[in-house]
Amino acid sequence: PARRAPRRAACRAMAQGAVRVEEVTPERFAALEALQAAAYPTLGADDLIRERHLAAHHAAFPEGQHCAIDEATNEVLGMNCTLLLDRFDTSSPQHRFLDVTGDLMFTTHCPGGEWMYGADICVSPGARGRGIGRALYDARKAACRRLNCRAIVSGGLLAGYGRFAAEESTTGGTKEPLNPEAYVERVVAGELRDPTLSFQLHNGFEVLGVIKDYVEDPSCGGYAAAIVWWNPDFRSR
């Protein structure tokens, strides 16, 4: 059967020009691989999404993959990757990024699963501050609603924790450095700002706990926050 046409979101007037969000198509794979590398310069090589992974994502779950495109230049500015899971234990959310994504090949994708897993949202460093991240989260939430998923779950890298911990350790004194759990508590309370988690909280996500050894990345010390967005329109199946 013929494949349906990819969905396109309405163009949004953003700072520095209009951007559209649409489903990923194969001709975008090379640009998206380059975008990921630019967005995560300290992420371990095994955790970076590459063209072969994007092809697997597209084959498994095309309606869960989105990119943000500059209307004027046709440049790829952002990416959203998701898969579906048949179960996720919110009371014990410890997991590794490579495990939940099937080594990035989405072999763990479960068609019809009730839990949407957010594998990645990233924005080109030069395009941040234009509302692209929010537009990609809106596309993810719209897909979650359309597919009647119970929730979106993910691991949000604690992008500011590595630097914060390093600065704390150089200040001296008798205070012990803030552990990841205490760091997250202060971010949730609004006492600290984390580049990733604060933005996710602003987009309606809640913290379930702290994940250790989620990825290899010194910027977060390998830590992530397990987060969830509950679909308010979910209908029991």
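Glu216 lies in the loop between strand S7 (206-211) and strand S8 (224-230), where strands are DSSP runs of E with at least two residues, and helices are runs of H or I with at least four, numbered from the N terminus. This is a predicted model, in which local features need pLDDT of at least 70 and side-chain atom pairs count only at pLDDT 80 or more, while totals for chains, interfaces and linings use all residues. Residues are numbered from 1 along each chain as its sequence is written, and side-chain values use heavy atoms, without hydrogens and water.

Glu216 counts as exposed because its relative accessibility is 60%; exposed means over 50% relative accessible area, buried under 20%, and partly exposed in between, with a 1.4 Å probe and protein chains only.

I turn now to the salt bridges. The structure holds 9 of them, each being a side-chain nitrogen of Lys or Arg within 4 Å of a carboxyl oxygen of Asp or Glu. Glu22 pairs with Arg20 at 2.7 Å between the closest N and O atoms, and with Arg28 at 3.8 Å, N to O. Are these residues buried or exposed? Glu22 is buried at 5%, Arg20 is buried at 8%, and Arg28 is buried at 11%.

Arg87 forms a salt bridge with Asp86, with the closest N and O atoms 3.6 Å apart. Here Arg87 is exposed at 63%, and Asp86 is partly exposed at 44%. Elsewhere, salt bridges with shared partners join Arg20, Glu22, Arg28 and Glu71 into one network.
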